[in-house]
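Open the model in your viewer and keep the sequence panel beside it. The stops below say what to select next and what is there.

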Amino acid sequence: MTHRTTPPPRICPDCEGHASAAITLGGRDTRGHLRTITAYCPACHGTGTRPLRTREGARA
């Protein structure tokens, strides 16, 4: 009996699963909080995974 192999992980190869990062702009606001922005991976749009490949047609 053959064993089934597990499918490869769908982790984004560009960001390696770390889809977003908080970047400080330097300084603090009037309440004392750090000013930050969130940057997302442009390849996966912040999901951390790559889309499933769809096969077109069938092979004989």
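Accessible areas here come from the Shrake-Rupley method with a 1.4 Å probe, and for residues only the protein chains shown count as cover. On that basis the chain exposes about 6,000 Å², and carbon and sulfur atoms supply 52% of that area.

This is a predicted model, in which local features need pLDDT of at least 70, side-chain atom pairs count only at pLDDT 80 or more, and totals for chains, interfaces and linings use all residues. Residues are numbered from 1 along each chain as its sequence is written, and side-chain values use heavy atoms, with hydrogens and water left out.

**The whole chain**

Colour by secondary structure. Helices (H or I, at least four residues) and strands (E, at least two) are DSSP runs, numbered from the N terminus. The chain has zero helices and two strands. Strand β1 covers residues 20–28, and β2 covers 34–40.

Next, colour by accessibility. A residue is buried under 20% relative accessible area, exposed over 50%, and partly exposed in between (1.4 Å probe, protein chains only). Of the 60 residues, 10% count as buried.

Contact means heavy atoms within 4.5 Å. Among contacts between residues at least 6 apart in sequence, 49% join residues at least 24 apart.

**The cysteines and the core**

Select C12, C15, A19, C41 and C44. These five residues make up the largest nonpolar core. Such a core is a set of buried Ala, Val, Leu, Ile, Met, Phe, Trp, Tyr and Cys residues joined through side-chain atoms within 4.5 Å. In soluble globular proteins, nonpolar side chains tend to be buried together.

How many disulfides are there? A disulfide is a pair of cysteine sulfur atoms within 2.5 Å, and by this rule the count is zero. C15 is in no disulfide, and its nearest cysteine sulfur, that of C12, is 3.8 Å away.

C15 counts as buried because its relative accessibility is 13%. C41 is also buried, with a relative accessible area of 9%. Show the contacts of C15: leaving aside neighbours within four places in sequence, they are C41, C44 and G48.

**The segment before β1**

Select D14, which lies in the segment before β1. D14 is exposed, at 56% relative accessible area. Beyond four places in sequence, D14 is in contact with C41 and A43. Draw a line from D14 to P42: the C-alpha atoms are 8.8 Å apart, while the residues are 28 apart in sequence.

P13 is found in the segment before β1, and at 57% relative accessibility P13 counts as exposed. Its C-alpha is separated by 9.2 Å from that of C44, 31 residues away along the chain.

Move to I11, in the segment before β1. Is I11 buried, partly exposed or exposed? I11 counts as partly exposed, at 44% relative accessibility. Which residues does I11 touch, not counting those up to four places away in sequence? They are E16, G17, G48, T49 and R50. For I11 and R50, the C-alpha distance is 5.9 Å across 39 residues of sequence.

Now pick E16, placed in the segment before β1. E16 has a positive phi of about 55° although it is not a glycine. At 62% relative accessibility, E16 counts as exposed.

**The segment after β2**

H45 lies in the segment after β2. H45 is not a glycine, yet its phi is positive, at about 60°. Its relative accessible area is 65%, so H45 is exposed.

Select G46, in the segment after β2. G46 is partly exposed, with a relative accessible area of 27%. Apart from neighbours within four places in sequence, G46 is in contact with A19, Y40 and C41. H18 is 28 residues from G46 in sequence, and the C-alpha atoms are 8.3 Å apart.

**Last stop: a surface patch**

Show the surface and select I23, L25 and I37. Together they form a nonpolar patch with about 250 Å² of accessible area. Nonpolar patches join side chains of Val, Leu, Ile, Met, Phe, Trp and Tyr within 5 Å, using residues with over 30% relative accessible area and no salt bridge (a side-chain nitrogen of Lys or Arg within 4 Å of a carboxyl oxygen of Asp or Glu). L25 lies in strand β1 and is partly exposed, at 47% relative accessibility.

Note on methods
Patches are made of residues with over 30% relative accessible area and no salt bridge: like charges are joined within 9 Å, nonpolar side chains (Val, Leu, Ile, Met, Phe, Trp, Tyr) within 5 Å.
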